[in-house]
Amino acid sequence: MHDSPHEHQHGPMDLSVRVIRKASSGSNEWNRGQDPADWWQELVNRHGHVGPWNVLGYRMGRFVLRELGTSWGSHEYIVTAHIPACTPYSCILDGLAVATGNSEGRLDLLWSEVALPEFIHVSVRRASDRKLVLVFEPCAEYLKRISQGTVHDLERQSRECEKMPEEELFRVRWIEPRR
Ligand SMILES: [Zn+2]
């Protein structure tokens, strides 16, 4: 037994970092952002180019809005990309940001490192109680498909990702029963 500040009274599920300010959910004075009219251009502005990893994150983010009944910029969910600490995997973060309005600065868009690409997933937790709601697992066949190419393939790969059915891009593991 030692006296590390994190040794006491933390249950196995207690992963909390800090509590998100309650006033920050929903549409209010803390949330005056607007869903971009042109998400593709928003990605270019933010990221410098649009690549398939951006669009993959964008598609996951839009799934969150649609299936969890939340709106852009309402900050009701914390989205975490669990990825190797390098590009192109990290490009997924900008797609998630543009799709949801979540941001690194508000601590509702996070990332954590995994050792291998096969461990990549994106988790979605409710901001109010930090309970895990669902996990996205990218399809291995799809990741293989976008693992090659040059800068000249980005546009084609991105447009392809925009149109592909969600089932071919990622699987969704619902932790809470689907509504
Ligand atoms: Zn990129």
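**Confidence before the fold**

Guide: Start with a caution: residues 1-8 stay under 50 in pLDDT, and the model gives that stretch one contact beyond four places in sequence. This is a predicted model. Where pLDDT is low, the predicted coordinates should not be read in detail.

Visitor: Okay. What is the mean pLDDT of the chain?
Guide: The mean is 90. Of the residues, 86% reach 70 or more.

Visitor: Now the sheet. How many strands, and in what order?
Guide: Five strands, in the order β2-β1-β3-β4-β5. The sheet is open and the pairing is mixed.

Visitor: Which strands stand at the edges?
Guide: β2 (109-113) and β5 (170-174). Each has a single partner strand, so one side of each is left without a neighbour in the sheet. The twist averages 20° from one strand to the next.

Visitor: How do β1 and β3 run, and how many bridges join them?
Guide: They run antiparallel, with six bridges between β1 (residues 77-83) and β3 (residues 121-126). To get your bearings, find Ile 78: its bridge partner in β3 is Arg 125.

Visitor: And how many bridges join β3 to β4?
Guide: Four, and that pair also runs antiparallel. β4 covers residues 132-138. Ser 123 stands opposite Val 135 in β4.

Visitor: Which residues does a cis peptide bond join?
Guide: Thr 87 and Pro 88, with omega about 5°. Pro 88 sits in the loop between β1 and α3.

Visitor: Which strands does α3 lie across?
Guide: β1 and β2. The helix runs at about 165° to β1.

Visitor: Switching to helix pairs. At what angle do α1 and α3 cross?
Guide: Roughly 135°, and the axes come within 10 Å. That angle makes α1 oblique to α3. α1 is residues 39-47 and α3 is residues 92-100. The crossing is right-handed.

Visitor: Which residues meet there?
Guide: From α1, Trp 39, Glu 42, Leu 43, Arg 46 and His 47. From α3, Asp 94, Gly 95 and Val 98. By class, the contact of α1 with α3 has three nonpolar, two polar and three charged residues.

Visitor: What about α2 and α5: how far apart are their axes?
Guide: The axes are 8 Å apart, at an angle of about 15°. That makes α2 roughly parallel to α5. α2 spans residues 52-67, and α5 spans residues 154-163. This crossing is right-handed.

Visitor: Which residues of α2 meet α5?
Guide: Pro 52, Asn 54, Val 55, Leu 56 and Arg 59. Their counterparts in α5 are Gln 157, Ser 158, Cys 161 and Glu 162. The contact divides into four nonpolar, three polar and two charged residues.

Technical notes: Residues numbered from 1 in each chain as written. Predicted model: local features only at pLDDT ≥ 70, side-chain atom pairs only at ≥ 80, totals over all residues. Axes fitted to C-alpha atoms, helices over the stretch in contact; angles between N-to-C directions. Helix = DSSP H or I, 4+ residues; strand = E, 2+ residues; numbered from the N terminus. Parallel < 35°, antiparallel > 145°, perpendicular 65-115°, else oblique. Left-handed = near helix turned anticlockwise from the far one by under 90°. Contact = placed C-beta atoms within 7 Å. Nonpolar A, V, L, I, M, F, W, Y, C, P; charged D, E, K, R; others polar. pLDDT = per-residue confidence, 0-100. Pairing = 2+ DSSP bridges.
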